[in-house]
Amino acid sequence: MRLILVRHGETVENATDIVQGQIPGELSVLGREQATAVGTYLKPEEIDVVYVSDLERARLSARLALAGTEVETVTDARLREQSFGIFEGGPVATLLDEMRRLRTDWDSFDPVGGESRDGLRARAREFFADIAARHNGQTVVVFTHYGVINSLIKTLARSEIHSDVEVANGSVSVLRVEGPQVALEILNATDHLPVVADSPTRLPTP
């Protein structure tokens with residue numbers, strides 16, 4: 001299986017440093033351009049099926065990228081971003097301040113009313129096991145979020161990645177899955193994007 005992981009385009013919330021988590025998110029003008037550019041990147045691919053997070057920022061990114069194509073598309077709530085509970089909709093700075101106060105990081109942070117990274121990894125692993133069983137030898141595209149992409153990459157390509165990696169809005173990463181063997185072929189490809197959006201925060205912004 002060739003697993004192509006796409007992060008949604010930039011949102012208004014990304015651009016203004018608002019914690020999204022599992023709120024829908026609104027694609028910015030740049031985010032829409034990025035999503036369309038992903039479509040150009042994917043055009044040479046012979047895609048068998050597309051899976052999409054049910055959050056609106058991922059769903060719209062997929063619609064823009066796949067416009068004019070006919071490919072089976074499946075919405076799956078397991079592809080949602082990590083829930084950040086009481087911090088969702090508020091400034092990223094507030095969340096980061098709390099993480100520093102607790103002396104924690106993304107792997108160990110368990111936000112009040114939200115979800116731990118372990119919880120996110122568990123549903124990402126469950127999703128992967130399902131598609132690996134269904135789509136052996138096929139090309140599968142997944143439109144999802146920073147946390148899910150990092151969870152899949154770190155879980156599946158264990159020997160190569162041990163900490164969070166940069167996953168830009170509209171970026172593409174590719175895993176080659178052959179039975180139990182998983183190889184990371186492409187990580188955070190952004191050459192197709194009109195602009196790579198920078199985050200002003202010191203830690204990755206989900």
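## Stop 1: two crossing helices

Helices α5 and α6 are roughly perpendicular to each other, because angles of 65 to 115 degrees get that label. Keep in mind that what you have on screen is a predicted model. The angle between α5 and α6 is about 70 degrees, and their axes lie 9 Å apart.

Now show the side chains where the two helices meet. On the α5 side, pick R117, L120, R121, R123, A124, R125 and F128; on the α6 side, they meet Y146, G147, V148, S151, L152, K154, T155 and L156. Colour this contact between α5 and α6 by residue type and you'll get 7 nonpolar, 3 polar and 5 charged residues.

## Stop 2: the sheet

Next, switch to a cartoon view and look for the strands. In what order do the 6 strands of the open sheet come? Going across, the order is β3-β2-β4-β1-β5-β6, and the pairing is mixed. Select β3 (73-75) and β6 (181-189): they stand at the edges with a single partner strand each, so one side of each has no neighbour in the sheet.

Bring the helices back in. Helix α6 (residues 146-156) packs on the sheet, where it touches β1, β4, β5 and β6. The direction of α6 makes about 150 degrees with that of β1. Helix α5 (residues 117-134) lies across β1, β2, β4 and β5 (172-178), and runs at about 170 degrees to β2.

As a bit of background, strands in a sheet pair through backbone hydrogen bonds, in either a parallel or an antiparallel way.

## Stop 3: strand β4

Select residues 139-144, which make up β4. Is this strand mostly covered or mostly open? Mostly covered: 6 of its 6 residues are buried. Show the side chains, and you'll see T139, V141 and F143 pointing one way while V140, V142 and T144 point the other way.

- Strand β1 (residues 2-7) pairs with β4 in the parallel sense, over 6 bridges. Click on L5 and look for V142, its bridge partner in β4.
- Strand β2 (residues 49-52) also pairs with β4 in the parallel sense, over 4 bridges. Here V49 has V140 as its bridge partner in β4, and V52 stands opposite F143.

## Stop 4: T11 in its loop

Jump to T11, in the loop between β1 and α1 (12-15). Why does T11 count as buried? Because its relative accessibility is 0%, and the cut-off for buried is under 20%. Select Q20 as well: the side chains of T11 and Q20 make a polar contact at 2.9 Å. Leaving aside neighbours within four places in sequence, T11 is in contact with Q20, G25, E26, L27, S28 and R57.

## Stop 5

For the last stop, head to N188 in strand β6. N188 has a relative accessible area of 18%, so this residue is buried too. Look for S171: its side chain makes a polar contact with the side chain of N188 (3.2 Å). Not counting residues up to four places away in sequence, N188 touches E166, V167, A168, S171, V172 and S173.

Finally, draw a distance from N188 to R7. How many residues apart in sequence are they? The answer is 181, while in space they are 9.1 Å apart, C-alpha to C-alpha.

Methods: Residues numbered from 1 in each chain as written. Predicted model: local features only at pLDDT ≥ 70, side-chain atom pairs only at ≥ 80, totals over all residues. Heavy atoms only, no water. Buried < 20%, exposed > 50% of the residue type's maximum accessible area, 1.4 Å probe, protein only. Pairing = 2+ DSSP bridges. Contact = heavy atoms within 4.5 Å. Axes fitted to C-alpha atoms, helices over the stretch in contact; angles between N-to-C directions. Polar contact = N/O pair within 3.5 Å; in protein donor to acceptor, adjacent residues only side chain to side chain. Parallel < 35°, antiparallel > 145°, perpendicular 65-115°, else oblique. Nonpolar A, V, L, I, M, F, W, Y, C, P; charged D, E, K, R; others polar.
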